[in-house]
Amino acid sequence: MNNEFKEVKHSLPKIDGIGLVTGRPAYTDDLAPRDALVVKILRSPHAFARIKSIDAQEALALPGVACILTWKDVKRIPYTRAGQGHPEPSPHDKFILDEYVRYVGDEVAIIAAEDEATAIKASNLIKVDYEVLPPVLDFEKAADNPTVIHPESEIHDMFPIGFKPQRNIAASYEMEIGDVEKELAACEVKLEKTFYTQSQAHVAFEPHVAFSYIDIHGRLNIYSSTQNPFHTRRLLGQALDMPLSNIRIAKPRIGGGFGAKQHILVEPFIALVTLKTGRPAKIVFTRKEVFESSFNRHQMRITMRVGADKEGHVKAIDMNVLSNTGAYGEHALTTFMVGGSKTLPLYNKAKAVRYGGKVVYTNKVSAGAYRGYGAIQGNFALESIMDELAHTIGKDPVAVREMNMIREGETSEVFKIMGEGSEGVDMIIESCKLDYCIRRGKELIGWDPEKLAWEVAPGVVRAKGMAIAMQGSGIPLIDMGSATLELQDGGWFKLRIGATDLGTGSDTILAQIAAEELGVPTSLINVYASDTDHTPYDVGAYASSTTYVSGNAVLRAAKNMKKVMLQAVAEKFGVPAEDVQFDGMLFSTKDGKKSITLKDFSFDTLYHEGANMKTLTATGSYSGLKSPPPYMAGFVEIELDKGTGKVSILNYVAVVDCGTPINPNLARIQVEGGVLQGIGMAMWENVKYADNGRMLTNTLLTYTIPSREDVGKITVELADSYEPSGPFGAKSVAEIGIDTPPAAIANAIRNAIGVRLTDLPFTPDKVLLALKK
Amino acid sequence: MTISLKVNGKPVKIECNPGDVLTDVLRNAGFVEVKKGCGTGNCGICTVLLDGVPVPSCSLIAGRADGHEITTIRGVEAEAREFADFLVAEGADQCGFCSPGFTLNVLAMKKELKSPSIDEIKHYMAGNLCRCTGYEGQLRAVVKYLEAQHE
């Protein structure tokens with residue numbers, strides 16, 4: 001990719017890549033102290049129960065057991081595990097340990113022992129007497145159910161979120177622009193459909209893992225596989241009633257997150273053990289625990305009503321959503337709101353728009369943050385019904401999108417009204433190449449509206465479908481990132497960032513941004529990241545924020561650093577700062593009379609300038625006024641076997657507008673990976689439960705994620721786009737890839753068999769059932 | 001019980017319980033380059049070479065490896081480094097957690113298959129799951145790496 005930039009918009013290798021691939025110790029468990037106590041959790045076998053009594057005497061007597069904690073040993077402080085800004089828009093409805101257990105896998109006791117075998121043995125010796133209570137497992141029957149999942153009086157919200165625990169409602173919300181009923185009544189074409197999206201597991205391959213120890217100063221140190229070290233510090237301090245100054249959270253390399261680790265989860269358990277015993281402690285979740293006792297995607301029911309004229313101009317959109325947050329309300333309101341705020345602005349010409357509904361508690365594993373974060377659910381419903389509109393009026397589905405969709409220079413009233421948990425921000429879209437993405441996608445898939453389905457053999461149909469999507473770039477006015485640069489002797493820079501690289505390559509692209517602005521090669525930037533003691537604040541990796549929010553912070557730090565260096569060189573040369581220039585290697589006066597290399601200058605500042613010696617450092621912080629959406633057009637070609645109901649994905653084309661890709665290879669991989677996760681959700685992945693609330697899909701034998709043989713081809717291209725408010729024109733790219741597959745594949749199936757599937761995932765049984773109708 | 005292994009060419013004796021799987025035993029002995037993914041033999045992340053043949057170490061009782069030769073990613077440093085350059089050039093290392101197991105299997109494939117087709121590569125590597133990349137970048141890296149071997 002030839003361009004005007006030297007460092008950004010270049011596919012540099014990820015700075016940690018070689019070390020990771022060749023197996024250097026890098027992840028949390030690789031670094032855990034060898035003498036750490038092993039922590040295990042005794043978990044509830046019941047979906048809903050009260051602990052009548054708990055007897056750990058025999059377990060405690062087992063040699064090698066260091067401590068056992070039950071709900072009676074832990075301070076009763078309600079908190080939220082959601083890694084979000086403060087005050088959190090998630091209800092404080094969780095206790096580290098509680099008298100009640102609310103899903104199969106909920107925590108009953110914390111066991112610490114010298115080794116894993118002893119910890120497991122001890123946990124089997126704990127005697128618990130449960131009063132088993134009737135659970136609520138069907139989210140459509142949760143609201144106002146006789147069973148109240150959270151009867152406790154101490155739980156609360158941090159600001160009004162429609163929290164009504166007595167009715168099993170974690171959050172509720174309504175908004176309306178214009179008069180939806182009036183507009184719908186006047187429409188020539190009216191459509192209504194209800195869609196169901198399932199709960200999906202993240203399956204990051206490194207499990208939830210952390211270790212803790214007390215340092216020489218008596219402070220609690222925790223290394224954790226977390227997406228948000230600073231939120232973890234704050235939430236842990238709250239849950240343990242500990243001053244934040246006594247806690248350090250550090251994130252080593254991390255084996256994937258996808259939202260699963262945008263929570264505090266394992267940290268309180270090991271913290272309690274270390275505080276009680278004074279010894280290092282570690283916890284590594286088993287895969288079963290990751291499935292049964294961490295988080296998954298909010299299951300939703302979305303009822304869509306759309307009104308349009310006969311040409312297909314959309315006049316009114318009404319979205320009513322029921323979301324299942326499981327046993328606890330992490331990200332309940334915000335994922336629900338994103339279902340509208342990051343889908344409805346796509347069709348900004350509608351005169352009336354309504355979005356509302358509620359998020360309910362059930363006795364299932366808690367739902368939490370997951371890549372797409374409500375937008376993928378909302379997109380499935382909205383982009384399915386938009387396709388149905390095209391069918392109803394007999395138009396090319398692409399043409400219906402093109403006549404209704406948002407374009408550069410436009411806005412949507414939704415931006416201002418809907419934020420994440422509160423009001424949003426007004427913004428004009430300054431970069432939107434959706435029109436190009438669609439045009440290019442059509443070329444790549446070979447889109448012919450006259451031939452969207454054709455038979456290749458008796459009973460075997462090929463078909464095409466498409467969908468468009470948007471996401472965001474950070475949460476404006478709420479999320480902040482910061483960065484500090486420091487010139488080191490030898491002429492290189494320390495870049496300290498609170499941002500959290502989950503394996504995405506964000507440490508690398510942030511170094512590229514600093515290098516580009518400073519005019520030096522990226523190799524002169526060494527990155528130190530994600531440590532609450534040693535790096536400046538950053539909200540962490542979520543909401544597609546790092547490139548845009550943390551990237552802008554790095555850009556500001558680099559601009560400031562340049563000023564600081566030019567000033568220092570000017571003083572040294574005895575000239576005004578504006579007379580000094582820097583070409584990345586050499587500082588010189590504009591008249592060329594005086595010059596010094598970066599390397600020599602760096603030594604002078606630290607060793608050779610007597611009373612003038614100083615560390616040259618600069619910081620930049622950024623919190624956005626807006627959240628420029630990346631856009632995408634997704635096109636799919638499928639083959640559907642009418643005999644077996646099997647749908648095969650032959651080719652998935654994704655054309656994405658993410659602004660300037662800071663590192664095109666890494667941006668492309670983000671999209672490829674996102675698309676495949678979206679295909680996984682569309683086709684196979686489904687967290688299932690038995691009638692008693694036990695999870696049936698708690699291993700990779702029973703929960704299917706796509707292998708490399710399951711999809712024919714994923715074709716990704718990036719549009720040429722520039723976002724004026726982003727660092728060197730960049731927007732986000734982490735989530736956008738996941739959003740379109742459920743709708744695009746549903747639309748292709750509709751073209752193939754003439755039946756609309758509304759219930760994810762599209763397994764062969766559902767296709768066969770649809771064919772029978 | 002005590003088992004004797006040759007790990008990366010060096011003899012080691014390790015204390016373990018009879019039911020322990022090889023992944024845990026190796027990690028506890030300090031070979032932390034061996035990662036544990038699913039624990040049920042589905043994801044290929046824990047792949048090591050047992051007498052030169054790739055196996056998922058999470059599904060192998062450690063006692064069964066007694067007296068055998070184990071190779072981890074650190075035992076094939078030069079070859080691994082060569083392939084790593086291709087993988088990171090595509091940005092397909094990503095979180096890296098599956099990379100050591102994946103790389104060991106790529107090296108095994110290179111020995112076993114002569115000029116494999118795309119479908120053969122996908123089939124050989126199907127047991128190595130990855131949640132980050134969507135597999136396309138890994139495939140680009142493998143194809144370029146194999147091409148470079150012929151040059």
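In this predicted model, the dimensions of chain B agree with those of a compact globule, because a chain of 151 residues would in that case have a radius of gyration near 15 Å, and chain B has 15 Å. Taken along the principal axes, the C-alpha atoms of chain B fill a box of roughly 45 × 30 × 25 Å. Of the 151 residues in this chain, 57% count as buried, and among its contacts with a separation of 6 or more, 59% are made by residues 24 or more positions apart. The secondary structure of chain B consists of 5 helices and 5 strands, which follow one another from the N terminus in the order β-β-α-β-β-β-α-α-α-α.

Chain B is in contact with chain A, with 44 residues of chain B and 42 residues of chain A taking part. On the side of chain A that touches chain B, helix H1 (17–21) and helix H17 (664–683) each supply at least two residues, and the largest share, 7 residues, comes from H17(A). By class, the residues on this side of chain A divide into 20 nonpolar, 14 polar and 8 charged.

Within chain A, 5 strands form an open sheet of mixed pairing, arranged in the order E16-E17-E25-E26-E27. Strand E16 (453–457) and strand E27 (714–718) of chain A stand at the edges of this sheet and have a single partner strand each, so one side of each is left without a neighbour in the sheet. Direction ignored, neighbouring strands of the sheet are turned by 20° against each other on average.

E9(A) and E10(A) form a hairpin with 5 residues between the strands, in which A:Gly218 takes a positive phi near 80°.

Helix packing in chain A is illustrated by helix H14 (residues 506–518) and helix H15 (residues 546–573), which pack at an angle of about 35° with their axes 8 Å apart. The crossing in which H14(A) passes H15(A) is right-handed. H14(A) contributes A:Ser506, A:Ile509, A:Leu510, A:Ile513, A:Ala514, A:Glu517 and A:Leu518 to the contact, whereas the residues contributed by H15(A) include A:Thr546, A:Ser550, A:Gly551, A:Val554, A:Leu555, A:Ala558 and A:Met561. Taken by class, the contact of H14(A) with H15(A) has 9 nonpolar, 5 polar and 3 charged residues.

How values were computed
Residues numbered from 1 in each chain as written. Chains lettered and ligands numbered in written order. Predicted model: local features only at pLDDT ≥ 70, side-chain atom pairs only at ≥ 80, totals over all residues. Contact = placed C-beta atoms within 7 Å. Helix = DSSP H or I, 4+ residues; strand = E, 2+ residues; numbered from the N terminus. Nonpolar A, V, L, I, M, F, W, Y, C, P; charged D, E, K, R; others polar. Pairing = 2+ DSSP bridges. Axes fitted to C-alpha atoms, helices over the stretch in contact; angles between N-to-C directions. Rg over C-alpha atoms; globule rule 2.2 N^0.38 Å. Buried ≥ 20, exposed ≤ 12 C-beta atoms within 10 Å, placed from the backbone. Left-handed = near helix turned anticlockwise from the far one by under 90°.
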